[in-house]
Number of protein chains: 2
Amino acid sequence: MDDIADAVGLNKATVYHYYASKSLILYDIYKRAADFTVAAVHDDPTASARETIYQFTRRLLIGIASNIEQAAVYFQEGPYITEWFTEDQVAYIRQAEAQVYEHIRDVIDRGIASGEFYECDSHVLALGYIGMTLGSYRWLRPHGRRTAEEIAVEFSTALLRGLIRDEKVRAETPLGVDPAELPGKPGAAPAR
Amino acid sequence: MDDIADAVGLNKATVYHYYASKSLILYDIYKRAADFTVAAVHDDPTASARETIYQFTRRLLIGIASNIEQAAVYFQEGPYITEWFTEDQVAYIRQAEAQVYEHIRDVIDRGIASGEFYECDSHVLALGYIGMTLGSYRWLRPHGRRTAEEIAVEFSTALLRGLIRDEKVRAETPLGVDPAELPGKPGAAPAR
């Protein structure tokens with residue numbers, strides 16, 4: 001707590017006024033990250049599965065790039081949260097993580113059921129998708145060579161072209177949105 | 001060191017006989033993991049880019065599943081290795097990581113140059129590939145619902161179908177190997 005007070009330029013008593021313990025600071029970081037990720041889920045059953053996955057990827061990567069430290073703390077402290085948090089706090093985080101995983105899996109399953117996607121193991125691919133996107137906190141930087149939006153286009157294009165059956169959709173609109181609206185393309189619309 | 005001696009059932013002097021310090025134990029785990037991953041690179045320029053990526057994925061996931069603890073230590077301690085290791089040790093690990101990343105990026109670039117793959121950002125996709133495959137240490141289990149070989153097929157099929165241009169190759173042999181040789185298929189050949 002001394003180090004934290006030093007870093008934020010407050011005295012320790014003031015830090016304790018906001019957070020009764022160090023573990024509550026960690027939980028606050030965790031809860032914000034989990035709540036952000038759950039809020040990035042917008043399951044609109046009228047949207048195609050491909051657009052749902054692309055828009056979720058886009059929201060996630062923009063969020064990670066804008067708060068790399070939060071994402072890094074989340075993943076680096078992951079193995080130890082049962083030591084720091086109460087059972088209810090752990091349950092809250094686990095429930096948020098399950099919700100995000102199930103969203104991805106269910107959208108892939110929806111795409112398979114409608115014939116939009118190839119048959120595949122949606123469980124395994126949802127876990128791979130999470131590793132690919134959330135794992136980007138290791139190297140994603142707010143002012144890197146490519147923006148978070150451009151990286152979302154690259155990831156989603158490769159993954160969705162791998163899932164989409166229809167050759168024309170796959171070649172022309174793998175993200176389910178008008179290509180003119182994508183970042184980095186001439187005439188791109190402002191970010192939504 | 002007391003805890004380690006207890007866990008392996010030796011006295012502390014014997015542990016010190018093998019490892020002069022705790023950081024050398026951690027470095028040994030790190031070096032084994034890094035050497036294993038570099039050894040999984042077999043760049044055969046006569047193989048297709050898709051087969052090279054599939055075979056690398058297969059070797060990586062089998063290796064991770066057979067030594068989950070090693071992979072977990074590797075990723076969990078990653079942010080702290082500069083505190084534990086000498087400069088030469090850190091340089092050895094960083095060099096191995098760069099070699100693996102460059103292998104993936106170069107194979108994707110080879111596939112783009114030959115017309116096997118779509119144009120894409122090989123740098124970003126190599127990073128995404130690493131997150132998807134190496135990140136599996138979080139959930140891959142040696143006796144899980146799907147074997148490491150089956151998961152390698154799922155990941156590689158989705159990713160490579162996303163990259164391959166040719167519609168027939170993409171539908172029939174996205175992994176660059178005879179489908180009868182794949183795990184989980186009737187008449188599959190023994191694992192190579």
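This is a predicted model: local features need pLDDT of at least 70, side-chain atom pairs count only at pLDDT 80 or more; totals for chains, interfaces and linings use all residues.
Residues are numbered from 1 along each chain as its sequence is written, chains are lettered from A in the order in which they are written, and side-chain values use heavy atoms, leaving out hydrogens and water.

**How the two copies relate**

- Two copies of a chain are related by a rotation about an axis and a shift along it.

**Chain A overall**

- Chain A has 10 helices and zero strands. Helices (H or I, at least four residues) and strands (E, at least two) are DSSP runs, numbered from the N terminus.
- The C-alpha trace of chain A spans about 65 × 35 × 25 Å along its principal axes.
- Of the 192 residues in chain A, 46% are buried (under 20% relative accessible area, with a 1.4 Å probe and protein chains only).
- Among contacts in chain A with a separation of 6 or more, 64% join residues 24 or more positions apart. Contact means heavy atoms within 4.5 Å.

**Helix α4 of chain A**

- Helix α4(A) covers residues 49–66, and its 18 residues should span 26 Å at 1.5 Å a residue. The expected span is 1.5 Å times one less than the number of residues.
- The end C-alpha atoms of α4(A) are 26 Å apart, which agrees.
- α4(A) is mostly covered, with 14 of its 18 residues buried.

**Helix packing in chain B**

- Helix α3(B) (residues 22–39) and helix α5(B) (residues 68–77) cross at roughly 110°, and their axes come within 9 Å.
- That makes α3(B) roughly perpendicular to α5(B) (65 to 115 degrees).
- Among the residues making this contact are B:Leu26 and B:Ile29 of α3(B), and B:Val73 and B:Tyr74 of α5(B).
- Helix α4(B) (residues 49–66) packs with helix α8(B) (residues 122–134) at about 35°, with axes 10 Å apart.
- Residues of α4(B) including B:Phe56 and B:Leu60 meet B:Tyr129, B:Thr133 and B:Leu134 in α8(B).

Definitions and conventions: Axes are lines fitted to C-alpha atoms, for helices over the stretch in contact, and angles run from 0 to 180 degrees between N-to-C directions. Angles under 35 degrees count as roughly parallel, over 145 as roughly antiparallel, 65 to 115 as roughly perpendicular and the rest as oblique. Buried means under 20% relative accessible area, exposed over 50%, partly exposed in between (1.4 Å probe, protein chains only).
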